[in-house]
Amino acid sequence: MSQHLNEFLWEKMTWEQIEERLKTVDTAILPCGAIEQHGPHLPVDVDYFDAWYMALKVAGGCSFPKPFVLPPIPYGVSYHHSAFKGTISVSNNALSALIYDIGMSLAHNGIKKIVILNGHGDNKPTLTYAAQMINRDAKIFVCVDTGETSDIDLYNLIDTHNDIHAGEIETSTTLAVRPELVQMEKAVDATLDFNNEYLDFTSDRGVSWYVHTQRISETGVMGNAKKATAEKGKLMWEIAIKKMIEFVESIKNTPLDQLYQNKY
Ligand SMILES: [Zn+2]
């Protein structure tokens, strides 16, 4: 196992090994998470762990030469969960500055494609901003995935609408890989009903809007955690990992110029 992980974990290599590997690999995956309340039944590290787990599985499943996986960023923008203990939030400015600096440093090393794997929805505007600034200044490819590559498939597997936090999806994915950390007897149904398609979080017509969690959920859950099963979670991981592998493979083996524009 550790032999396997050493094939792509940036921090486990010497500078000479990294220099050698950079001759054949120009793609790096940067997992970003959050440490924040996930209801009464899940640990606070779900977004952090899931992003990291996903990065390891994706790199492990990619062909040789495998993309680099960077050390995960544990903290995210979680101010809206701060009424619940256990939440540790950093500011949008701090997170974007950190991601920008890491991106510029990666570019300096010779990395040409950065895939930011985001495990926490509310990091999205901040990570997108950082990605844009890295692209502006280093002129490399930077993208942010907050589940876009597979959300459409995952939503087809579940019954709950507005399932966005510690509900059917996140409880299932945690049951699948870390069942010992799930207290299913405390799982609740906290499905949100706004009766307004423009406010619904998972509606195609939904606007981006922000709310402090305690205003809309007493337990911190948004979704129906009771519907979660390990079987659903395994299927979700399988799909999400497969789609992300497909995506990374498609950019990893494509020269930057070609990625931008195949035909002139
Ligand atoms: Zn989460």
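In strand 3, N118 is the bridge partner of C32. This is a predicted model, in which local features need pLDDT of at least 70, side-chain atom pairs count only at pLDDT 80 or more, and totals for chains, interfaces and linings use all residues. Residues are numbered from 1 along each chain as its sequence is written.

Strand 1 (residues 27-32) and strand 3 (residues 113-118) run parallel, joined by six bridges; two strands pair if DSSP finds at least two bridges between them. The open sheet has four strands in the order 2-1-3-4, with parallel pairing. Its edge strands, each pairing on one side only, are strand 2 (68-69) and strand 4 (141-145). Helices (H or I, at least four residues) and strands (E, at least two) are DSSP runs, numbered from the N terminus.

Contact requires C-beta atoms, placed from the backbone, within 7 Å. Axes are lines fitted to C-alpha atoms, for helices over the stretch in contact, and angles run from 0 to 180 degrees between N-to-C directions.

| Helix | Strands | Angle |
|---|---|---|
| Helix 5 (residues 124-138) | touches strand 1, strand 3 and strand 4 | about 175° with strand 4 |
| Helix 8 (residues 230-252) | lies across strand 1, strand 3 and strand 4 | about 145° to strand 1 |

Helix 5 also has a helical neighbour: its axis and that of helix 4 (residues 92-109) come within 8 Å and cross at roughly 35°. Residues making this contact include L95 and I99 of helix 4 and L127 and M133 of helix 5.

Methods. Two residues are in contact if their C-beta atoms, placed from the backbone, lie within 7 Å.
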